[in-house]
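Subject: Structure handover

Hello,

Here is the structure for you to look through. Please open it first, then read my notes below.

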Amino acid sequence: MSALLEVQGLTAGYRRPVIRDISFALRPGEITAVLGRNGCGKTTLLRSLTGGARILSGTVWAAGEDCLDWSARRRARSIALLSQHSQLLPGLWAEEVIAMGRTPWLGPLSGPGPEDRAMVRAAAERFGVAELLGRDCAQLSEGQRQLVHLARLAVQDAPILLLDEPNSALDFDNTSLLFHRLRELVETGERTALIVLHDPALALRWCGRLLLLDGGRLVEDVATEGMGPEALQAVLGRLYPTIQVRRDEGGRFYCLPD
């Protein structure tokens, strides 16, 4: 199966390199977790793929094309990013924020048409924020705003989805909603998702691949299908030495501290 995103030898950062010599590929239908300690370069990795961090060496291919020289508009049609702390302009309704996801597909002076507005409504219902469409986002809780931004990500209709700790402001129920809807997006279209997480239990529950970063380098790239608890514990032990991986009666993995 052809990769939607291919990264080869990527070194990137700001005034100095933060990530070094990273290579991986993302294929349709996959949800891939990026795990690592604070400051290891997880966010920089995502930013480098969307023009937010300086690429010092390496190549990035999207849909078979070198995307490093693409315009921001063209890149946004292929790669959608949900930042950890998405900024909101005062006075914007939730409906307007979600509709921003359609911007890469509109003309320079065009506003959303009927089809775009229908996509906004469908995404709002999918992420449980339809009743918030007419409300000022400044009046919403942080968790509600995060769900609005997830709906924006969905209507952007990009095949490559990048999410930086999207569950950080969500309660238990909405975290479950997030991952169910993300799985639907990936499985019902030619899409792939790369998601930064801090919780290895969530990664094991929802992600079929794990990328482990340590000190700015990729130290593990594993598919979890077919692996047992002991093998997964050995992999995750590179980052979390005290972790214990178990499997419940339903076959789902969970984690315990030592």
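First, a term: two strands pair if DSSP finds at least two bridges between them. Strands (E, at least two residues) and helices (H or I, at least four) are DSSP runs, numbered from the N terminus.

This is a predicted model, where local features need pLDDT of at least 70, side-chain atom pairs count only at pLDDT 80 or more, and totals for chains, interfaces and linings use all residues. Residues are numbered from 1 along each chain as its sequence is written, and side-chain values use heavy atoms, leaving out hydrogens and water.

**The six-stranded sheet**

Strand β7 (residues 160-164) runs parallel to β8 (residues 192-196), joined by five bridges. L162 faces L194 of β8 there. Both strands belong to an open sheet ordered β6-β7-β8-β3-β9-β10, with mixed pairing. β6 (79-82) and β10 (217-223) each have a single partner strand, so one side of each lacks a neighbour in the sheet.

Helix α6 (residues 172-187) lies across β3 (31-35), β7 and β8. Contact here means heavy atoms within 4.5 Å. Helix α8 (residues 229-236) packs on the sheet too, touching β3, β9 (209-214) and β10.

**The four-stranded sheet**

Another open sheet has the order β2-β1-β4-β5, and its pairing is antiparallel. Its edge strands are β2 (17-26) and β5 (65-66), each pairing on one side only. Six bridges link β1 (residues 5-13) to β2 in the antiparallel sense. Within that pair, L10 has I22 of β2 as its bridge partner.

Best wishes

Key:
Axes fitted to C-alpha atoms, helices over the stretch in contact; angles between N-to-C directions.
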